[in-house]
Amino acid sequence: MDCLFCKIVKGEIPTLKVYENSSVLAFLDVNPCSLGHTIIIPKKHYQKIEDIPEGKINELFSVITKLVKIIPEIVGTTDCNIGLNNGKFAGQEVPHVHFHIIPRFEGDKGSSIQGLVRMEVDKQKLPELAEKIKNEIENEPNGEGTPKIKSDKKETEVKKKEPTENKPQEIKEEQPTKSPEREWQEFNEELQNTPPDYSEARKEEY
Ligand SMILES: [Zn+2]
């Protein structure tokens, strides 16, 4: 298969490995977004996360969790983004599922995951959408339905007490009373006003 990451797994392309076990490989990104930017892949070729069989995904997440405890600290920070570009519309450029760990530094002027896109969404339609998704999950053939129905009922009750439309306003009103939270809010607003442009960086990557 003519897949860059499969070639890396086979050792046909050299890479800076940081971790490897029988099913997962982690290596430093060749065009890092920040110091310590790491790629984590299943050794077997799957294009998207939903292609990975249930039960196998844990192998991947246990490595991600392990690395998150180590990599940011080694590069001198505490935080990181963990990301997956799942499909080409989401920016996936190598068709072999891969997670990113991107260490984040105070004042690095980067964005959050939520800063990737900001579409106009009709919030009035969200309850209907939630119902649709719930119904679809309940109709899944793998027996996911029963426990989901129970937990979803609790969520619905909570939503009725606190209308979703009011939630963002409530949060904004509370934030100015505390200085660190206000800073955080201003920080986020600043980020939203300057959406990131990853296209240049990602083009060069592979
Ligand atoms: Zn592959």
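Which residue with a positive phi follows α2? It is G76, whose phi is near 90°; helices here are DSSP runs of H or I with at least four residues, strands are DSSP runs of E with at least two, and both are numbered from the N terminus. Before going further, note that this is a predicted model, in which local features need pLDDT of at least 70 and side-chain atom pairs count only at pLDDT 80 or more, while totals for chains, interfaces and linings use all residues. Residues are numbered from 1 along each chain as its sequence is written.

**The whole chain**

Display the entire protein as a cartoon, and you will find seven helices and five strands, which follow the pattern α-β-β-β-α-β-β-α-α-α-α-α along the sequence. Now colour by pLDDT, the predictor's confidence in each residue on a scale from 0 to 100: the mean for the protein is 81, and 68% of its residues reach 70 or more. Select residues 145–162, where pLDDT stays under 50 and the model has nine contacts beyond four places in sequence, a contact being a pair of residues whose C-beta atoms, placed from the backbone, lie within 7 Å. Residues 194–206 also have pLDDT below 50, and this stretch has 16 contacts in the model beyond near neighbours in sequence.

Of the contacts in the protein with a separation of 6 or more, 59% are between residues 24 or more positions apart. Buried residues make up 13% of the 206 residues, where buried means that 20 or more other C-beta atoms lie within 10 Å of the residue's own, exposed means 12 or fewer, and partly exposed lies in between, with C-beta atoms placed from the backbone.

Select β2, residues 24–28, a strand that is mostly covered, with four of its five residues buried. Strand β1 (residues 17–20) runs antiparallel to β2 and is joined to β2 by three bridges; strands count as paired if DSSP finds at least two bridges between them. A hairpin of three residues connects β1 to β2, and K17 has F27 as its bridge partner in β2.

Move to α2, residues 57–74, whose 18 residues reach 26 Å from the first C-alpha to the last, close to the 26 Å expected at 1.5 Å a residue, the expected span being 1.5 Å times one less than the number of residues. At L67 the helix bends by about 30°, the bend being the angle between axes fitted to the seven residues ending there and the seven starting there. Show the side chains of L60, V63, L67, I71 and P72, the buried residues of α2, which pack against β1, β2, β3, β4 (79–84) and β5.

Next, highlight the largest nonpolar core, which has 20 residues, with A26, I40 and I101 having the most contacts inside it; such a core is a set of buried Ala, Val, Leu, Ile, Met, Phe, Trp, Tyr and Cys residues joined through C-beta atoms within 7 Å. The elements giving two or more residues to this core are α1, β2, β3, α2 and β5. Centre on I101, which, leaving aside neighbours within four places in sequence, is in contact with T38, I40, I64, L67, V68, I71, C80 and I82.

Select G36, in the loop between β2 and β3. Is G36 buried or exposed? G36 counts as buried because 24 C-beta neighbours lie inside 10 Å. Not counting residues up to four places away in sequence, G36 touches I71, P72, I74, V75 and P103.

Go on to K7 in helix α1, residues 4–10, which counts as partly exposed because it has 14 C-beta neighbours inside 10 Å. Beyond residues up to four places away in sequence, K7 touches E12 and I13.

Finish at K109, in the loop between β5 (99–104) and α3 (126–138). K109 has 9 C-beta neighbours inside 10 Å and therefore counts as exposed, and its phi is near 65°, a positive value in a residue other than glycine.

Key. Two residues are in contact if their C-beta atoms, placed from the backbone, lie within 7 Å.
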